[in-house]
Amino acid sequence: MSNQDFLFSQDTAISWATETVPSPTGQKPWQVLIVDDDESIHQITSLVLRGFQFEHRNVELIHVYSAREARAVLQTNPGIAVAIIDVVMETNHAGLDLIKTIRSELNQHQIRLILRTGQPGEAPEESVIRDYDINDYKNKTEVTAIKLKTLLYSSLRSYRDICIIDDNKKGLEKIIGSTVSFLECESLTEFASNILAQAAHLLGLDHQQIYCCAATGDPRQQQLQLDVIAATGQDTAPDHKLPEDVVERLKKVHQLKHTFHGDDYFVGYFTTSRGLENLLYVSKDSKFDQVDHHLLSYFASNIAVAYENIRLRELIKESQRELSYILGEAVEKRSKETGSHVKRVANFSFLLALKYGLSNYDAEKIKLASPLHDVGKIAIPDHILNKPGKHDAAEWDIMRQHAEIGYQILQKSQNEILQQGAIIAYEHHERWDGKGYPRGLAGEEIDIAGRITALADVFDALASERCYKEAWPMPKVLQYLAEEKGKQFDPVLVDILLSHLDEFIAIRDAYPDLQ
């Protein structure tokens, strides 16, 4: 080996200039920090590493001449991969103190730290390696050009692997977070919106920086027939169109029956235990790395399972809704009224609950339970229930029993919808002023679900034809509500209905009585 190989044992003066050359792949160069108060070390390091590449990415050298300058650079640039640090600079232990600062104060644990010294007596090798969180320790006189390159290869490889592990860890944390978010979704619409938000979050991008769509299909179909449940920047109506290139890539994955990806797009494929086919398409302007592909694969599987669960919840909810309507309509038909009444009351109640400030979940519970408000009428004799004229005192006492009978029918159920129905059946004839029945509750003693359904029921009943009366014109209905505000009805709810009357009229028009 010639003397020229020992580049750091010479005090050679070489003219040099820092030059940052873009990597062939267009990726950001690896950043390497050189911390040394000897300018010749900087010059020789630049000379040796000129043109150096690792994984087709160049190296950008950042030169500082003291531990103080190094700290300032590291504080503003946490993406430095490797730091080669001299021990003796402004003090005999400046480099060692800088190591402690990087690890303990700046909390930077990914960066690979290499100590390099020309005065090993100031920092004995064994004690330094034992006591300081460094990755290598070199005497300047033993570092040749090939050893420096070898050292940099191993350090960058280590930094890359640590970054991959860290990125995977952060990505998995995001996926776990998205799982919680999906479980909290109350509808397919909310679920679809959540997919787009979580996909962008997973990749650390804004919605505008990616194109994303999630779709489901039937694997038994030979031709691709997708139900697109979410797409960036587009609505999720069944007839909305996807770009042709997206459709072609979805078709390809549908045929392959497995996940496929290119440099700048990803198509995840997953089938659930019930055989439902799920696809997730994500693309962006820049290339995906290996970590992105792995995380998106897990994310696509996560979406598939969550989607199947929420579809099952929607099916159960729809079944509950239908059963409530069927039971409510059965009671209405027995009293010779149309089944549209219970649907109008359900939707009036839902709108009132939302405008009152209840959560969507609680409003939905009231909507599903309100059709059961008169279920107790099933026990009222026909000659009383369908009497065209006014009830006498004895008949009225029997008629009033339907509130408590409805409560008794429903209150033993453990189902929260039926429990809500029991409360509504029991309290929808209570009055704000305490003059209602069956218990004479007043004001906020009456459950909000009972107060809401009471107003919704009377509003619809007054404006509808019954066996014992003609339909009231809307001005007369509104006058009655205004007069009974704070008497029969919760005044806040009356104000809500009157101030949003157009929305309530729209619901009424959507569910007309069928003759």
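Residues 24 or more positions apart account for 64% of the contacts in the protein with a separation of 6 or more. The model is predicted, and its secondary structure comes to 18 helices and 11 strands. Of the 515 residues in the protein, 47% are buried.

- Tyr269 stands opposite Leu279 in E11.
- Strand E11 is mostly covered, with eight of its eight residues buried.
- In a regular strand the side chains alternate between the two faces of the sheet.
- In E11 both faces are covered: one side carries Glu277, Leu279, Tyr281 and Ser283, the other Asn278, Leu280, Val282 and Lys284, and all of these are buried.

**Packing of helices H13 and H14**

- Two packed helices are described by the angle between their axes and the distance between the axes.
- For helix H13 (residues 402-410) and helix H14 (residues 416-427), the angle is about 165° and the axes are 7 Å apart.
- Because angles over 145 degrees count as roughly antiparallel, H13 is described as roughly antiparallel to H14.
- The crossing of the two helices, H13 and H14, is left-handed.
- H13 contributes Ala403, Glu404, Gly406, Tyr407 and Leu410 to the contact, and H14 contributes Leu418, Gly421, Ala422, Ala425 and Tyr426.
- By class, the contact of H13 with H14 comprises seven nonpolar, two polar and one charged residues.

**Backbone features**

- Most residues other than glycine have a negative phi, and most peptide bonds are trans.
- The peptide bond from Tyr437 to Pro438 is cis, with omega near 10°. Pro438 lies in the loop between H14 and helix H15 (448-462).
- Asn107 is not a glycine, yet it has a positive phi of about 55°. This residue, Asn107, is in the loop between H3 and E5, and at 53% relative accessibility it counts as exposed.
- Lys257, likewise not a glycine, has a positive phi of about 65°. Lys257 is found in the loop between helix H7 (244-256) and strand E9 (260-261).
- With a relative accessible area of 35%, Lys257 is partly exposed.

**Selected residues and their surroundings**

- Glu484 belongs to helix H16 (residues 474-484). Buried means under 20% relative accessible area, so Glu484, at 14% relative accessibility, counts as buried.
- When its neighbours within four places in sequence are left aside, Glu484 is in contact with Arg431 and Phe489.
- Asp285 is placed in the loop between strand E11 (277-284) and helix H8 (290-334). Its relative accessible area is 81%, and Asp285 is therefore exposed.
- Asp285 and Tyr265 are 20 residues apart in sequence, and their C-alpha atoms are 8.9 Å apart in space.
- Ile146 lies in helix H5 (residues 145-183) and, at 56% relative accessibility, counts as exposed.
- Ile146 and Leu49 are 97 residues apart along the chain, and their C-alpha atoms are separated by 10.0 Å.

Key: Residues are numbered from 1 along each chain as its sequence is written. This is a predicted model: local features need pLDDT of at least 70, side-chain atom pairs count only at pLDDT 80 or more; totals for chains, interfaces and linings use all residues. Side-chain values use heavy atoms; hydrogens and water are left out. Axes are lines fitted to C-alpha atoms, for helices over the stretch in contact, and angles run from 0 to 180 degrees between N-to-C directions. Helices (H or I, at least four residues) and strands (E, at least two) are DSSP runs, numbered from the N terminus. Angles under 35 degrees count as roughly parallel, over 145 as roughly antiparallel, 65 to 115 as roughly perpendicular and the rest as oblique. A crossing is left-handed if the near helix is turned anticlockwise from the far one by less than a right angle, and right-handed if clockwise. Contact means heavy atoms within 4.5 Å. Ala, Val, Leu, Ile, Met, Phe, Trp, Tyr, Cys and Pro count as nonpolar, Asp, Glu, Lys and Arg as charged, and the others, Gly among them, as polar. Buried means under 20% relative accessible area, exposed over 50%, partly exposed in between (1.4 Å probe, protein chains only). Two strands pair if DSSP finds at least two bridges between them.
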